[in-house]
Each structure stands twice: as structure tokens, then as C-alpha cells.
Amino acid sequence: MKIIRIVSLASLGFWALTAAHAQKSGTSKTVTPPQLQAWMSSEVGDAWAAGYKGAGVTVTVVDDFRSNQGLYGNLGQGTQLLRHGDWTFKEASMIAPSATMRSQDFNTGTTVGLSRGLNVLNLSYGMYAPAGYTASQIGWSAQETSIINYAQSGKAVISKAAGNDAVAIGSANASGNVDYLNLALKGGPSAIYVGALSTNGTTTAPATLATYSNTPGTDATVQRQFLVVGVDGAKTGLYGTSFAAPIITGYSAILGSKFTTATSTQIANQLLNTARQDTISNFNAATHGRGEASITRALAPISIK
């Protein structure tokens with residue numbers, strides 16, 4: 001059985017990459033705080049104003065950091081041509097500017113290491129093979145084995161792009177392939193699937209699901225692990241649940257900088273339990289899971305359990 005690693009893009013062409021890789025794979029860096037950008041929820045600015053920017057949290061982005069392919073986009077710093085991993089890394093770091101950022105190329109196959117304190121892993125890719133295989137038939141690399149173990153044991157928050165096939169998680173896409181990494185994370189207490197809304201929702205202008213976004217479907221377990229956030233490609237040129245997952249990654253780091261003793265499972269549950277349904281048009285759990293993530297609501301308590 002051959003399993004194929006695919007970055008989670010939706011209807012995006014690739015161009016030869018000429019820009020330098022923004023961060024060498026495996027290195028650590030604290031990113032300078034950015035300005036609130038038009039594609040972000042206004043709630044992010046409120047979190048920053050309250051002093052919560054991801055300090056003390058380690059974010060590891062597992063993605064493409066070595067290929068010669070890239071895409072154009074603009075996160076508010078001018079149009080750039082970057083690899084997929086550089087974009088997801090940049091996005092997460094802009095949401096949580098005080099987090100310690102790390103990167104690992106998704107083709108290394110090596111164990112993803114964890115640091116002291118809260119760890120958040122961003123996965124904006126899928127592992128695809130034809131439908132019909134059982135879990136015992138899949139031979140994961142040390143990389144995916146470590147990620148799956150962290151999700152199932154609650155050792156790290158896992159923010160996983162739901163996928164761009166417009167199907168329920170666990171279902172085959174139009175090519176007959178299934179994202180088996182999605183399936184392996186099912187039931188993981190600190191794993192969150194992230195779908196995409198076409199924009200950030202409000203009560204006066206509820207958002208709709210992006211046409212490409214995968215959904216939780218009727219599986220109650222997946223519904224409990226599923227959030228949606230706005231991916232406003234009209235403002236950034238970047239479409240896909242690839243760019244939904246880094247928002248939840250950033251939110252997790254922001255939460256961790258307030259609730260400094262919280263476990264990964266507590267952080268994940270806080271985001272899931274405080275999601276909004278009133279900012280989504282025709283909210284339905286089979287389509288939107290728990291609803292649209294709200295960092296304001298998640299930060300509201302004095303403590304979490």
C-alpha cells in the first residue's frame with residue numbers, strides 16, 4: 001500500500017519558488033509582534049491588548065519547507081512567493097507573535113520533538129491512499145507515529161487541516177482516496193480538525209462554509225473535534241483549510257499564554273467548548289462541527305479545567 005503526502009490546498013496553482021525559505025527547518029525563533037491584519041478576526045487584537053500573544057508556548061509547523069514549489073499570497077506584508085510551509089508558519093506566527101516557532105519538513109520522517117511547556121503542532125497536509133485500508137495496514141513513519149501518539153495521549157495540541165475535497169472526514173474524495181491521517185487522529189483528546197468558512201462570521205453577517213472545505217459529517221466523535229474559522233482568500237490570495245489550521249494553532253498558543261498550567265487537552269477542549277454557532281449561516285453540526293472558534297470566549301474564564 002502506498003500512502004501519498006499532500007499539502008492541503010484548494011484550487012491553487014504552484015509556481016517555481018525563487019524566494020528564500022523564511023526559516024531554516026528545525027530552528028527556533030521568537031517572532032516580532034505584527035499588526036492586526038484585515039484577514040484576522042478582530043478578537044485577535046483584543047487578545048493581544050489583554051497581553052496574550054503566545055508567550056511560553058512552542059509551535060511546531062510540520063509542512064513543506066524544502067521543495068521548489070510555492071504560491072503567491074499576501075498576509076498584509078505585500079505579495080510574496082513562498083513555499084506552502086512558509087505560508088502556514090508565517091500565518092501561525094502572526095496570530096501568536098510571542099510564541100516560539102519551530103518548523104519541520106514533512107518529508108523528514110523523523111520524530112517530532114516536544115519542548116517544555118505547552119506544545120502545539122500545525123498539520124496543513126494529509127496522508128492519502130485508496131479507500132479500504134485498515135489502521136493495521138498502514139505503516140506510519142516515525143514522524144506521523146509521534147504526531148498520532150501526541151494526539152491520542154494529549155501531549156500536544158494538534159491542529160489539523162480538515163482537507164479540501166468537500167467531503168466528510170474519513171470519506172473518499174473524487175479520486176477514491178482517503179486522508180488516513182485524519183482517521184488516525186479521530187478520538188484524540190487534544191486533536192482538532194479545522195474547516196474553513198469563506199470569511200470571519202459575525203452575528204449581523206453570518207459566514208458560510210467554504211465550498212472546498214471538508215466537514216465532520218454525521219460522525220459524532222469527529223463533530224466534537226471539529227472547528228471552523230474564516231479563510232478570507234479574497235484578501236490574502238490563499239485558499240484552503242491549510243490556512244484555517246494555523247489560526248487554531250495561533251489561538252491555542254494564545255490560550256496557553258494565559259492558562260500557563262493547562263494541559264493540551266484542556267486547551268483543545270476550551271476552544272471546542274467555546275465555539276460560536278450564531279456567527280454561522282444555517283449552522284449544522286454535520287457541516288460545522290462545534291462552530292466558529294472564538295478566542296475571546298475561550299480566554300474569558302479565570303481558569304479552565
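Predicted model: local features only at pLDDT ≥ 70, side-chain atom pairs only at ≥ 80, totals over all residues.

Next I checked the length of H7, residues 245-258. At 1.5 Å a residue its 14 residues should span 20 Å, and I get 21 Å between the end C-alpha atoms, which agrees.

**The core**

Which residues touch the most other members of the largest nonpolar core? I found Ile 248 and Tyr 251, in a core of 54 residues. H7 gives the most to this core, with 7 residues. Another core lies apart from it, with 27 residues, including Phe 106, Tyr 150, Ala 207 and Ile 280.

I then listed what Ile 248 touches, skipping residues up to four places away in sequence. The list runs Ser 159, Ile 192, Val 194, Leu 227, Val 229, Leu 271 and Ala 293.

**H2 against H7**

I looked at helix H2 (residues 84-95) next: H2 and H7 pack at about 35°, with axes 8 Å apart. The crossing of H2 past H7 is right-handed. On the H2 side I noted Thr 88, Glu 91, Ala 92 and Ile 95; they meet Pro 246, Ile 247, Thr 249, Gly 250, Tyr 251 and Ile 254 of H7. Sorted by type, the residues of this contact come out as 6 nonpolar, 3 polar and 1 charged.

**Pro 246**

Is Pro 246 buried or exposed? Its relative accessibility is 0%, so Pro 246 counts as buried. Leaving out neighbours within four places in sequence, I have Pro 246 in contact with Thr 88, Glu 91, Ala 92, Asn 122 and Ser 124.

**Ser 41**

Ser 41 sits in the loop between strand E3 (28-30) and helix H1 (42-49). Ser 41 has 16% relative accessibility, which is under the 20% cut-off, so I put Ser 41 down as buried. Beyond neighbours within four places in sequence, Ser 41 is in contact with Leu 36, Asn 200 and Tyr 251. Tyr 251 had already turned up in the H7 contact with H2.

Methods:
Residues numbered from 1 in each chain as written. Heavy atoms only, no water. Helix = DSSP H or I, 4+ residues; strand = E, 2+ residues; numbered from the N terminus. Expected span 1.5 Å × (residues − 1). Core = buried A, V, L, I, M, F, W, Y, C linked by side-chain atoms within 4.5 Å. Buried < 20%, exposed > 50% of the residue type's maximum accessible area, 1.4 Å probe, protein only. Contact = heavy atoms within 4.5 Å. Axes fitted to C-alpha atoms, helices over the stretch in contact; angles between N-to-C directions. Left-handed = near helix turned anticlockwise from the far one by under 90°. Nonpolar A, V, L, I, M, F, W, Y, C, P; charged D, E, K, R; others polar.
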